[in-house]
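Have the viewer open while you read.

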2 protein chains.
Amino acid sequence: MPEPGPSPGPVVALAGGVGGAKLAHGLQAQIGDRLTVIVNTGDDLERHGLLVMPDHDTVMYTLAGIANSEFGWGIEGETFAAAAMLERYGEPTWFRLGDRDLATHITRNARLQAGAGLTAVCLGLQRALRVRATILPMSDDPVRTDVRTDDGWLEFQDYFVARHQEPEVHEVRFRGAESAAAAPGVVEALDAAALIVIAPSNPIVSVGPILAIIEIRAALDRARDRGIRIVAVSGIVGGKALKGPADRMLASLGQESSALGVARIYADLATDFVLDNVDAGLAPAIGALGLWTHVTDTIMTDDTARARLAAECLAIGLSQAT
Amino acid sequence: MPEPGPSPGPVVALAGGVGGAKLAHGLQAQIGDRLTVIVNTGDDLERHGLLVMPDHDTVMYTLAGIANSEFGWGIEGETFAAAAMLERYGEPTWFRLGDRDLATHITRNARLQAGAGLTAVCLGLQRALRVRATILPMSDDPVRTDVRTDDGWLEFQDYFVARHQEPEVHEVRFRGAESAAAAPGVVEALDAAALIVIAPSNPIVSVGPILAIIEIRAALDRARDRGIRIVAVSGIVGGKALKGPADRMLASLGQESSALGVARIYADLATDFVLDNVDAGLAPAIGALGLWTHVTDTIMTDDTARARLAAECLAIGLSQAT
């Protein structure tokens, strides 16, 4: 049983991009290097022959304090001299990479090519940027998210960036997930966790791929079985996604675009569910799924709001552990 | 026998970096797409997992009119946002690449990785930059120049950039040259040439690797045998290299650091030798090597000077063909 107080032991967060990065930033502000973030790699893609990891890098830049808050991706004060030249060479530029961001992909590519593992390379990048938490890709093996639309199966970034999330999504698959091993350190972190937080990322395409890794799902089940709280935070507030297409995706996949719809997805995994004040009326129905409910302000408008929501998630792991 | 006049037929230039790029620029101004430049690839290197081709790219940027005249390498108005970030990641940055220049290496890397040949990739880059001439790498096979110094064998760019050409060079080798095939189009261009120009590049480490490719050397010998003029331009003026370490390298390799020293290197290959006015006194000795000598102003201070020297080289191929 963890002691109440400022030292709750190691915490693991499962996260996708921006929403996950914000909560991770709040958690890092509270517990520093006791935080491990497991990030989705299903959105990763190859651009100009380089591996690009949107979720890992958004979380890394956010935790390093250099994220571009204007764009929601990339690095603050970014320039695009290389992108203009890539365009001149006829390279496809719908996924526009800034000059500093390119340095991340170039460095990662060089080190992977030299034989280093994906997680080891990512940890090196994080260290260089003085990130206090540990960010682990969910797997060193390639897993790729595809969505089936009226235009057929699309790679995730084609749907997300090139087509502006406009096509309706009828089905989602995570190529490679079944045979992918959890990345080095992932199972160990989950087995050592005193608390697990599922960030308010898209439950289908951001958290979904993480849960599709068999070793990770098993470790989460083990954690719950040994009494660890698994706290999921709703990324749907008032029926709308705070960012991205989660609301429309839930609807087109035949689920409810609401905190209740999200809670149903996590009902067989999480112990606790955090929902926004505006959705307080859904708390009884969510409670009926067998989840402890926590109604609070979940909108992370600034660093203070991030830290406060993070503190509330941490408090759940302490005060209500059974 | 070529007709006198503005249409001398196809011309091939052998070139290294800056000096070669300047004369190639002058030749392109005179004859446009009838120019083929065969560039040294012995200076090529891997940086951050990407193939960098200093001589090809210097010639390409110069012929595209976007070369950085201040640095002598890279692209005009270059920025270094990615380089600063690469440094932050702990990447070695002694070979500092600008943001736009990086786009060249990224694009080339992506296309090579996708299976395209080196020459095909380079031609695609040149077309995108609207280069009128054709720039051919000497070989698609890797050839790498090493220099032996008091510190032992060094890769060329380690000597040239990292150590500022300070160590004395006692020996030079071109790794891979013996088994390297001429790149697609190189032998064909030489066999079709009405005139061949050896640019005022370093005769040892810029032109030397090109001549070390057996197929290229054989094509040059064939051209001379069929009466084609091979015009070498001295890059040593008044005993000094206009740029780079050619003068000290000639001396430390036991040769004469003068236009005569350069002429001796080319004596068994060239038919003609262009030397600067200040070296007019060396003309008799160079003539005694069996070379036609042409004394003129060889300093290419601006575009007009480049075009004028180029015109003089072209005129040799016309007026004095035997």
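1. Let's start with one residue pair. A:R148 has A:W153, in β7(A), as its bridge partner. Keep in mind that this is a predicted model.

2. Strand β6 of chain A covers residues 144-149, and β6 pairs with β7(A) in the antiparallel sense over four bridges.

3. Now the whole sheet. Three strands make up an open sheet in chain A, in the order β7-β6-β8, and the pairing is antiparallel. Why do β7 and β8 of chain A each have one side without a neighbour in the sheet? Both β7 (152-155) and β8 (171-175) stand at the edges with a single partner strand each, so one side of each is left open in that sense. From one strand to the next, the twist averages 30°.

4. On to the second largest pocket, which may interest you if you like to look at grids. Its space comes to about 920 Å³, and 44 residues line it. Nearest the centre of this pocket you'll find A:G17, A:V18, A:G72, A:F160 and A:K243.

5. Which helix gives the most to the lining of the second largest pocket? That's α2(A), with five residues. At least two lining residues each come from α1 (18-31), α2 (54-63), α4 (99-113) and α6 (156-162) of chain A.

Methods: Residues are numbered from 1 along each chain as its sequence is written. Chains are lettered from A and ligands numbered from 1 in the order in which they are written. This is a predicted model: local features need pLDDT of at least 70, side-chain atom pairs count only at pLDDT 80 or more; totals for chains, interfaces and linings use all residues. Side-chain values use heavy atoms; hydrogens and water are left out. Two strands pair if DSSP finds at least two bridges between them. Axes are lines fitted to C-alpha atoms, for helices over the stretch in contact, and angles run from 0 to 180 degrees between N-to-C directions. On a 1 Å grid over the protein atoms alone, a cavity is a set of points where a 1.4 Å probe fits but cannot get out, and a pocket is an open set with protein on both sides within 12 Å along at least five of seven lines; lining residues have an atom within 4 Å of a point. Grid points are joined across faces, edges and corners, and a volume is the space filled by probe spheres set on the points.
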